[in-house]
Amino acid sequence: MRRYGKHTDEDDVRVRPNRKGNRPRTTIRPKHEDAAEGFVLTVDRGRLTVLVEDRTVLAMKARELGRKGVVVGDRVAVVGDLSGAKDTLARIVRVETRSSVLRRTADDDDPYERVVVANADQLAIVTALADPEPRPRLIDRCLVAAYDAGLEPLLVLTKSDLASAETLMESYGSLGTRYVVTSRDELTEGTAARQVREQLEGRITAFVGHSGVGKTTLVNALVERQRATGHVNAVTGRGRHTTTSALALPLPDGTGWVIDTPGVRSFGLHHVDPSRVIHAFPDLEPGTEECPRACSHDEQDCALDQWVADGHADPQRLYSLRRLLATRERREGD
C-alpha cells in the first residue's frame, strides 16, 4: 500500500530523527589545507608521537584515514591541539607520499607484510663479530630488503675486540658495501660513535640487527640518549629484546636521524620480487638483456655467465648476486 501520494513534497515526508544527534555522513572529506607538517617519531598502541616544528605532539589517526597505517618515519599532516601540552591529543589527517618503505615478513611463507620504517634512505645492519656469532644469512636478507626498498646498506660490525672482521668481510667485499668496525672500548671512549656518525650525516638511517649485537648500545652512544639495553644468554648465545618499538632520534648536531628498531630473529622476504634485486648490481644489469624470459639468473641459459666471461664484471659479483637471490630458499640459521 502506497503511503504517500504520487506527487509529495518534503513537508509530506516523515524523516526518522537521528537519535545520536550527530551529523549525517558525507563522502566529501575536508582538505585540511591548514594542517601542520609532522614527522612520526614512535608508535605505541594507537598513539603516535609526532615532531611538529620544535615540539613533540601526541596524536592519533583520524577516522578518515581508514585502515591506512602510519609508521615511524612517516611525514604527516596534523590538526587539532598542537601545543604538546599534557593530556592533549591531535589528529593525523594525511600521510604524505613515502620516498621509501622498508618491509619484512615474519617468514618467507607469510604473505603479510610489516612496514618497518618509512622514508629512510640508509639501512645500518648491525652484527656482532662474536658473542653472539655472526649470522651471514640474516645479513644477506637485510641486504636484499635494503636493495628492494632502495636504501643504501651500511654494515656496522661490533665487538671487534672479541674477533676479527676480516673473515666476515671476505664474503661482502665484492658487494662494495660500506662498513664500520667498532669495539666495546671504542664505544666507551666515544671514538666508535664518531666513526659511525660520519656515515649518518644528512641521512635518515634505520638500524636493524638481531638481539644482543649491541645495536641499542651503539644508538645510545650516537644520540646521547639512554634506551634500555640487555645481555646475551651464555647458554643459547641469544640476546634479549630490550627495544620493543621503533623510535626516531635526532643526531646531536641535527644533521641526521637514527631510527632504532626492535631486534629481529628472522627477516622474511615474501614481499621481495627477485627481479628487483638485480638493480643493486649496475655492472651486471646490462648483461640481463640477453637472458631468457623470467630468468632466475641462476640457470643454464642465464646470459650473465657469458657477460662475466667477456670481462664486463667480476665473477665474485655474480656469485654475490646469486647468493642473495638464494636467500629466500635458505633460513637465517643455515
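Student: What should I know about the model before reading it?

Tutor: Residues are numbered from 1 along each chain as its sequence is written. The model is predicted, with local features needing pLDDT of at least 70, side-chain atom pairs pLDDT 80 or more, and totals for chains, interfaces and linings using all residues, while side-chain values use heavy atoms, without hydrogens and water.

Student: How many aromatic pairs does a search of the whole structure find?

Tutor: Rings of Phe, Tyr and Trp (its six-membered ring) pair if their centres lie within 6.5 Å; planes under 30 degrees apart are stacked, over 60 edge-to-face, the rest tilted. The search finds two pairs. Phe-39 and Trp-257 are tilted, at 4.9 Å centre to centre and 50° between the planes. Tyr-147 and Phe-281 have planes at 65° and centres 6.2 Å apart, so that pair is edge-to-face.

Student: Is Phe-39 buried or exposed?

Tutor: Buried means under 20% relative accessible area, exposed over 50%, and partly exposed in between (1.4 Å probe, protein chains only). Phe-39 is buried, at 5%. Tyr-147 and Phe-281 are buried too.

Student: How many disulfides are there?

Tutor: A disulfide is a covalent bond between the sulfur atoms of two cysteines. The criterion here is a pair of cysteine sulfur atoms within 2.5 Å. The count is zero. For Cys-291, the nearest cysteine sulfur belongs to Cys-302, 3.9 Å away. Cys-291 is buried at 14% relative accessibility, and Cys-302 is buried with a relative accessible area of 5%.
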